[in-house]
Amino acid sequence: MINYLKKGPSKQEKAESNKEVQRIVENIISDIEANGDQAVLSYSEKFDRWTPESFRLTREQIEACYTELEQQVIDDIRWAQQQVKNFAKIQRDSMKDVEVETLPGVTLGHKHIPVESVGCYVPGGKYPLVASAHMSVVTAKVAGVKRVIACAPPFEGKPSAAIVVAMDMAGADEIYCFGGVQAVAAMAIGTESIAPVDMIVGPGNAFVAEAKRQLFGRVGIDLFAGPTETLVIADESVDGELCAADLLGQAEHGVNSPAVLLTNSEKLANETMKEVERQLKILPTGEIAGRAWRDFGEVIVCDTYEEMLNVANELAFEHVQVMTENVDYFKDNMQNFGALFLGPETNVSYGDKCIGTNHTLPTKRAACYTGGLWVGKFIKTCTFQRVTEQASVLVGEYCSRLCAVEGFAGHKEQADIRLRRYKDK
């Protein structure tokens with residue numbers, strides 16, 4: 001039996017009215033397409049109060065950002081990026097080119113080809129999300145992308161030194177200080193001063209997400225993203241204090257970030273809810289986390305692991321933290337999730353910031369059909385074929401007959417001309 005001790009909004013209530021967001025984004029994209037740099041400057045002034053002579057940072061400006069940071073911060077960024085790079089290299093090495101003779105004289109294969117240019121968006125208006133620079137720029141560079149440009153909005157009236165340094169250390173070829181729809185559109189469409197890219201990646205607010213949606217097709221994107229989601233699956237092998245900390249640690253992302261406890265223990269459920277209220281009083285970001293918990297938090301009690309598994313797969317959340325006696329049950333059987341965090345020793349924050357796995361992950365049940373950002377997202381797997389004259393006759397006979405079935409005369413002739421030329425040789 002599944003019992004909701006605390007229930008979030010219904011599906012109908014969750015459905016945001018996006019019409020106004022869509023309209024605003026559509027107008028901004030059209031304006032930038034028509035008016036280029038001038039439109040970007042106008043929106044930057046309007047939304048960010050930021051009107052620099054150039055949005056692209058010079059080498060001198062980038063170096064100045066290094067001087068603003070303590071050496072420990074720079075060292076920590078370097079360490080985190082090395083972890084992301086290490087795992088991305090392991091993933092890249094798992095992707096093998098293929099060339100094999102599938103029939104006598106028929107050679108088929110595929111090649112992994114990096115995208116040529118990528119624009120990486122790093123959120124930085126509310127929080128300077130330094131880690132997003134690692135996740136996008138480092139991973140793109142490991143994939144072999146030749147041109148990686150990166151941008152973030154100004155933070156407290158100027159470029160965020162930590163974000164700029166992280167972008168630079170990650171290997172960004174061009175660094176810009178602008179944000180929002182205007183940044184995404186400028187990178188995707190191009191302006192007088194910015195050459196367009198082939199792909200846009202990175203998280204952002206509802207307007208950034210909508211911009212990526214509208215531009216998809218014109219450029220590639222990593223995935224459609226919504227508010228951060230976290231699911232804690234726990235039993236009495238852990239306590240309410242730990243569960244509450246892990247729920248609120250992700251709820252602080254935004255007032256519409258769902259945080260859900262899924263457990264087979266009503267005792268733990270009640271203990272966790274009390275702990276949430278206690279911790280909210282002392283958490284510096286408690287106002288945001290508290291609103292998210294109040295409006296989107298849920299506590300679900302099940303009888304069995306199997307019930308918990310079914311609920312978890314139905315939710316298909318971005319982050320799934322498993323703190324149960326048998327974590328392998330969920331690792332082996334979960335199908336719909338962005339990333340798993342197995343055992344009480346780890347947590348979502350490790351993945352968000354520095355452990356090496358990527359933190360750009362599917363939300364809003366997109367985990368039912370896609371994983372998160374990884375080195376493979378920046379790579380096109382493209383096939384090729386080669387055949388001998390003898391093999392062309394074998395394949396051509398089948399192809400000719402199948403084309404006739406479909407009524408494709410031109411396709412049939414492509415096969416027939418080769419049959420006429422090679423069959424009697």
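Reader: Is Leu108 buried, exposed or partly exposed?
Author: In this predicted model, local features need pLDDT of at least 70 and side-chain atom pairs count only at pLDDT 80 or more, while totals for chains, interfaces and linings use all residues. Residues are numbered from 1 along each chain as its sequence is written, and side-chain values use heavy atoms, with hydrogens and water left out. Buried means under 20% relative accessible area and exposed over 50%, with partly exposed in between (1.4 Å probe, protein chains only). Because its relative accessible area is 35%, Leu108 is partly exposed.

Reader: Which residues does Leu108 touch, not counting residues up to four places away in sequence?
Author: Leu108 lies in strand S3, residues 106–114, where strands (E, at least two residues) and helices (H or I, at least four) are DSSP runs numbered from the N terminus. Phe384 is 276 residues away from Leu108 in sequence, yet the two are 5.9 Å apart in space, C-alpha to C-alpha. With contact meaning heavy atoms within 4.5 Å, Leu108 touches Val98, Glu99, Val100, Thr102, Phe384 and Gln385.

Reader: Is Ser44 buried or exposed?
Author: Ser44 is found in helix H2, which covers residues 19–48, and among the residues that Ser44 touches are Trp50, Phe55 and Gln182. Because the relative accessible area of Ser44 is 0%, Ser44 is buried.

Reader: At what distance does the side chain of Glu192 reach the backbone nitrogen of Asp37?
Author: Glu192 lies in the loop between helix H7 (180–189) and strand S7 (199–201), and it counts as exposed because its relative accessibility is 62%. Although Glu192 and Asn35 are 157 residues apart in sequence, they are 9.3 Å apart in space, C-alpha to C-alpha, and Glu192 touches Asn35, Gly36 and Asp37, not counting residues up to four places away in sequence. The side chain of Glu192 reaches the backbone nitrogen of Asp37 at 2.8 Å.

Reader: At roughly what angle do the axes of helix H15 and helix H16 cross?
Author: Axes are lines fitted to C-alpha atoms, for helices over the stretch in contact, and angles run from 0 to 180 degrees between N-to-C directions. Residues of H15 (389–406), including Cys399 and Cys403, meet residues of H16 (409–422), including Leu419 and Tyr422. The two axes come within 8 Å, and they cross at roughly 145°.

Definitions and conventions: Polar contact = N/O pair within 3.5 Å; in protein donor to acceptor, adjacent residues only side chain to side chain.
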